[in-house]
Amino acid sequence: MDSSLQALSPELLGQVEDQLSNNEVSSDEELAEDFIQAGLTEAQARQAIGYRDRYLINVYHQDFTPMRTPGRVLRFNPHARDFEPE
């Protein structure tokens, strides 16, 4: 897991990843504020925002995401209909 985000509970990390993947409306600043209100530190919120572009354009395997397993990321390839290393 990304070292700055190791302290997050699995549930909170899941919420953060969900917002990064699906929230196309909020600005980075608004999303960071939401993360801080949910319990992240400002540094953790900024680190998470750094992943936003990747999460918006890719579908990741739940257990092999950029934030959970940076060295072993699996993203969905719609042409192969399977997950492959990023």
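Q: Is Phe76 buried, partly exposed or exposed?
A: Buried means under 20% relative accessible area, exposed over 50%, and partly exposed in between (1.4 Å probe, protein chains only). Phe76 is partly exposed, its relative accessible area being 33%. The model is predicted: local features need pLDDT of at least 70, side-chain atom pairs count only at pLDDT 80 or more, and totals for chains, interfaces and linings use all residues. Residues are numbered from 1 along each chain as its sequence is written, and side-chain values use heavy atoms, without hydrogens and water.

Q: Which residue is the bridge partner of Phe76 in β2?
A: Strands (E, at least two residues) and helices (H or I, at least four) are DSSP runs, numbered from the N terminus; two strands pair if DSSP finds at least two bridges between them. Phe76 lies in β1, residues 74-77, and its partner in β2 is Phe83. Four bridges join β1 to β2 (residues 82-85), and the two strands run antiparallel. Four residues separate the strands of this hairpin, where Arg81 has a positive phi near 55°.

Q: What follows α2?
A: Gly39 follows α2, with a positive phi near 130°.
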